[in-house]
Amino acid sequence: MKPTYRKWLRWLTVAALIAGVSSTFSYGSGAHLIVRYLDPPVGRWWNEHEFALMIFAAAALGMLIAVRIGARLLDDTAARARAAVVSMIAGAVVLIPIARLGAALGQLGWTGANSFDTYAMNSIVDKLLIAGVYFLKVFFFGLIAGLAIFAVVAMAVALATPAPSEARQ
Amino acid sequence: MVLFVHVTAVIVALGGSLFSTFALTPILTGELEPAARVKVVRRVVRRLGVIVLSALVILVATGMLNVLYIGAISPLLAIKLVLVVIVIVLATYQYANLGARIWRVSENGPAPELAPLLARFRRVGLAQGMIVLLIVYLSLGLTRVAGPIAIG
């Protein structure tokens with residue numbers, strides 16, 4: 001039987017992926033107009049929150065993938081489970097500042113120009129591309145932050161785990 | 001201030017690893033009996049792990065703030081960030097996996113499986129150190145003022 005944390009990790013990763021892809025697609029294509037047509041209050045709410053959902057989902061996805069990568073690096077099953085659970089909790093605690101920082105960093109282009117400077121003037125394909133690249137950038141910064149969190153948590157778990165003879169005493 | 005902390009964290013992480021590989025390990029091998037050497041090595045591995053991984057977390061945090069200060073994500077910076085990911089993965093493997101195994105295996109003194117673990121620990125550390133040096137070299141390109149200084 002698979003440990004519970006793996007189920008949670010998989011479920012959260014899929015949820016973040018679905019939320020991220022759908023909000024990025026909606027933001028890039030202006031799909032909130034369809035929702036507004038069907039239900040104006042819901043459409044307005046979606047339009048106000050889709051960008052925030054996109055950045056939080058991207059950062060969360062990056063951090064969750066980091067936990068999955070990190071967990072594969074440990075060979076002790078118990079330490080792996082403990083490190084993954086603590087990292088997920090630590091990631092949830094710092095998600096808001098990491099997502100905001102990632103969102104600010106993601107707007108920086110190759111030349112220093114803001115990626116969204118000419119966003120409104122672009123065609124739908126360009127908007128989708130800009131939103132997609134932005135999502136990937138925020139994801140990548142979330143991944144780096146998540147790996148760093150996992151590294152320190154894994155070390156803390158290793159320190160807190162007594163050697164076999166110490167545990168027997 | 002952020003840059004100062006960032007550079008200090010690099011010095012701590014890289015310096016600690018290099019000192020352990022090139023100064024401490026050869027001296028321990030030459031001066032101590034196997035039992036005493038293992039006792040020291042397992043404690044050094046743990047202590048160094050805490051120092052290096054804590055320095056890495058500080059590096060990531062201050063590095064992200066530095067990118068905001070630089071104000072652009074150039075191709076050079078993108079390469080550097082990919083290398084940072086590799087370094088964090090290697091450091092986690094080195095200290096949280098190999099380090100923990102060394103700690104367990106060496107619990108009752110020298111053991112036959114300890115030597116290959118220590119050799120791998122050193123190899124991973126060296127690979128990591130070389131990538132960090134490459135990152136430092138790339139960072140020079142990011143912080144240096146663009147273009148030659150006009151004279152006259």
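Helices (H or I, at least four residues) and strands (E, at least two) are DSSP runs, numbered from the N terminus. By this count, chain A of the predicted model holds 6 helices and 0 strands. Its pattern along the sequence is α-α-α-α-α-α. Residues are numbered from 1 along each chain as its sequence is written, and chains are lettered from A and ligands numbered from 1 in the order in which they are written. Because the model is predicted, local features need pLDDT of at least 70 and side-chain atom pairs count only at pLDDT 80 or more, while totals for chains, interfaces and linings use all residues.

Chain A averages 85, and 88% of its residues score at least 70. Helix 3 of chain A has the highest mean, 91, and helix 6 of chain A the lowest, 52. Where pLDDT is low, the predicted coordinates should not be read in detail.

Contacts were defined by C-beta atoms, placed from the backbone, within 7 Å. In chain A, 79% of the contacts with a separation of 6 or more join residues 24 or more positions apart. The contact between the chains takes 32 residues from chain A and 33 residues from chain B. On the chain A side, helix 5 gives the largest share, 14 residues.

Helix 1 of chain B (residues 2–31) kinks by about 40 degrees, centred on B:Ser20. The bend is the angle between axes fitted to the seven residues ending at a residue and the seven starting there.

Technical notes: Contact = placed C-beta atoms within 7 Å. pLDDT = per-residue confidence, 0-100. Expected span 1.5 Å × (residues − 1).
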